[in-house]
Amino acid sequence: MEELTIKINVTDRQGEYHHINVPSDMSMNLMEVIRSYELVEEGMIGICGGMAMCASCHCYITSNHQLKSPSSEEEFMLLDANDVKENSRLSCQIPISIELNNLELIISPFQ
Amino acid sequence: MIKTDILIIGAGPVGLFTVFEAGLLKMKCHLIDTLTKAGGQCSELYPKKPIYDIPAYPEILADELTNKLLEQSKQFEPGFTFGERAETLKKNSDGLFTVVTDKGTVHQAPVVVIAGGLGSFEPRKPTLSNLEKYEGNGVQYSIQDPEIYRGKKVVIAGGGDSALDWTIILADIASEVTLIHRSNEFRGALSSVEKVQSLKDKKRIKVITSSQVEKLEGESRLESISIKTSGEKSQKILVDYFIPLFGLLPKLGPISEWGLEIEKNAIKVNNSLDYQTNIKGVFAVGDVNTYPGKLKLILCGFHEATVMCQYAYRIINPEKKFLLKYTTVTGVSGFDGTTKSSPKTLVKKIL
């Protein structure tokens, strides 16, 4: 089992750093991981349920991982969202996989 | 004043199903919703997304589900207050609740059911330092009466359907319309995108892409805005109105001030019995409530609404005993005079 667990580093909205172990074989996405670890208060993330429709799970990827390019839905939502930067992504659109080991991200302010 | 048996806040799927379940028990419902139509998230956020976990529907589009729920509840003649937000809740000395909306519409009922889902949909605001100063003084997040823009200079920001639609409508009314978008790609109906392109080509409107508004200025009301286009210097343009249309975001809103016990941005209810809140006579069902083991699923909201109606019945009819009846046995008698029942079995002798 251990080889299926990856490590992810998350800086939450209060600036606190979390080093978490995440199973890569449970079809989770990054937003669900953040929620299940309660790194963000319930109701303040994943409001649309993970459909790229609200940007409440907006985050900045600060490591050099090669992620799958955003879908057009995600791109459009990021055009409407606030505080968008070059490395902005919607965490609900990033499926957890073994390749994400040691991913670093910062959760953006709530909007 | 609107009087009803059960006042439902939120006309999403769970609110609509509450109308049906209440109707079976002869209780009449009225619904309040900030949106201008029924369906809640289903019609506002994802109307064309298929849902796969509605019992007996292997697949159903969100807006189809809304339409079917409306159809199912129609016989119980629900009333609607659309486009208004429930602002205050007060319990009167006679035991009735009074709920007043932001537009002043007064509703009264012995039972209030909050089926508010994620909360009321509020406009997403841009992050501009002095935005609040100009709200209502040149900055608008929605357009109610296009006529106020007649002969005015208007800047619209956004790349979705509302930004495109209002650009097209105001092109005929305002003296100047500028559409600003962070990209050069728009996500609206193709016909709207083409219409905006044609208005731009005819120089009836200005379209500034890969840009965003970075500053608002003006003495007491908005007079000018600064626009930053990527790779270029900022430009200042004179405006009367700035209308950012960046979509809607749900917020719990005024409900959180009603004295209800809130946990994790949701309303705590008694799930071992009746889904009642800490205020007797006020229930919460669907995504807006929380309890140990809560699942935010439409189908769970349907169950909660059904159970809740049994207890609402006891409040509204304290003298009456109630026995659960199956619709297969009793059929359904609508308030509109319609009846539905299973066909009688034909008995015929074989000679």
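Q: Are B:Phe17 and B:Phe20 buried or exposed?
A: In this predicted model, B:Phe17 and B:Phe20 are both buried. The two residues lie in helix 1 (residues 13–24) of chain B, three residues apart, which is about one turn of the helix.

Q: How many aromatic pairs are there over all chains, and what is the geometry of B:Phe17 with B:Phe20?
A: A search of the whole structure gives seven aromatic pairs. B:Phe17 and B:Phe20 form one that is stacked, at 5.9 Å centre to centre and with 25° between the planes. Ring pairs also link B:Phe17 and B:Phe20 with B:Phe76, B:Phe302 and B:Phe335 into a cluster.

Q: Why is the pair of B:Phe80 and B:Phe82 called stacked?
A: Planes under 30 degrees apart count as stacked. The planes of B:Phe80 and B:Phe82 stand at 15°, with the ring centres 4.8 Å apart, so this pair is stacked. B:Phe80 counts as partly exposed because its relative accessibility is 29%. B:Phe82 is partly exposed too, with a relative accessible area of 30%.

Q: Which charged residues lie over a ring, and at what distance from its centre?
A: In chain A, A:Lys85 lies over the face of A:Tyr60, 4.4 Å from the ring centre. In chain B, the charged end of B:Arg182 sits over the ring of B:Phe246, at 5.0 Å from the centre.

Q: How many residues does each chain bring to the contact, and what area is buried between chain A and chain B?
A: Chain A brings 21 residues and chain B brings 22 residues. The buried area is about 2000 Å², with 54% of it from carbon and sulfur atoms. On the chain A side, A:Phe76, A:Leu79 and A:Asp80 supply 31% of the area buried against chain B, more than any other three residues.

Q: How many salt bridges are found across the interface of chain A and chain B, and which residues form a salt bridge there?
A: The rule finds one salt bridge across this interface. A:Asp80 forms a salt bridge with B:Arg187, and the closest N and O atoms are 2.2 Å apart. Over all chains the count comes to 13 salt bridges. The A:Asp80 pair crosses between chains, from helix 2 (residues 72–80) of chain A to the loop between strand 13 and helix 6 of chain B, where B:Arg187 lies. A:Asp80 is buried, with a relative accessible area of 6%, whereas B:Arg187 is partly exposed at 28%.

Q: Where in chain B do B:Glu122 and B:Arg85 lie?
A: B:Glu122 forms a salt bridge with B:Arg85, the closest N and O atoms being 2.7 Å apart. The pair links distant parts of the chain, 37 residues apart: B:Glu122 is in strand 11 (residues 120–123), and B:Arg85 is in the loop between strand 6 (79–82) and strand 7. B:Glu122 counts as buried at 18% relative accessibility, while B:Arg85 is partly exposed at 21%.

Q: Which strands hold B:Lys236 and B:Glu217?
A: B:Lys236 and B:Glu217 form a salt bridge whose closest N and O atoms are 3.4 Å apart. B:Lys236 is in strand 17 (residues 235–238) and B:Glu217 in strand 15 (residues 211–217) of chain B, 19 residues apart. B:Lys236 is exposed, with a relative accessible area of 55%; B:Glu217 is partly exposed at 25%. Elsewhere, salt bridges that share partners join B:Arg85, B:Glu87 and B:Glu122 into one network.

Q: In what sense do strand 7 and strand 8 of chain B pair?
A: Strand 7 (residues 86–91) and strand 8 (residues 97–101) of chain B pair in the antiparallel sense over five bridges. The bridge partner of B:Lys91 in strand 8 is B:Phe97. The two strands form a hairpin with five residues between them, and B:Gly95 in the turn has a positive phi of about 90°.

Q: What does B:Val106 touch beyond its sequence neighbours?
A: In a regular strand, side chains alternate between the two faces of the sheet. B:Val106 is in strand 9 (residues 106–109) of chain B. Not counting residues up to four places away in sequence, B:Val106 touches B:Met1, B:Ile2, B:Thr98, B:Val99 and B:Val100. B:Val106 counts as partly exposed, at 29% relative accessibility.

Q: Which residues of helix 5 of chain B are buried, and what covers them?
A: In helix 5 (residues 161–171) the buried residues are B:Ala163, B:Leu164, B:Thr167, B:Ile168, B:Leu170 and B:Ala171. Their cover includes strand 12 (153–157), strand 13 (176–180), helix 6 (190–201) and strand 18 (241–244) of chain B.

Notes: Residues numbered from 1 in each chain as written. Chains lettered and ligands numbered in written order. Predicted model: local features only at pLDDT ≥ 70, side-chain atom pairs only at ≥ 80, totals over all residues. Heavy atoms only, no water. Buried < 20%, exposed > 50% of the residue type's maximum accessible area, 1.4 Å probe, protein only. Helix = DSSP H or I, 4+ residues; strand = E, 2+ residues; numbered from the N terminus. Contact = heavy atoms within 4.5 Å. Pairing = 2+ DSSP bridges. Phe/Tyr/Trp six-rings, centres within 6.5 Å; stacked < 30°, edge-to-face > 60°. Lys NZ or Arg CZ within 6 Å of the ring centre and 35° of its normal. Buried area = accessible area lost by both parts, 1.4 Å probe. Salt bridge = Lys/Arg side-chain N within 4 Å of Asp/Glu carboxyl O.
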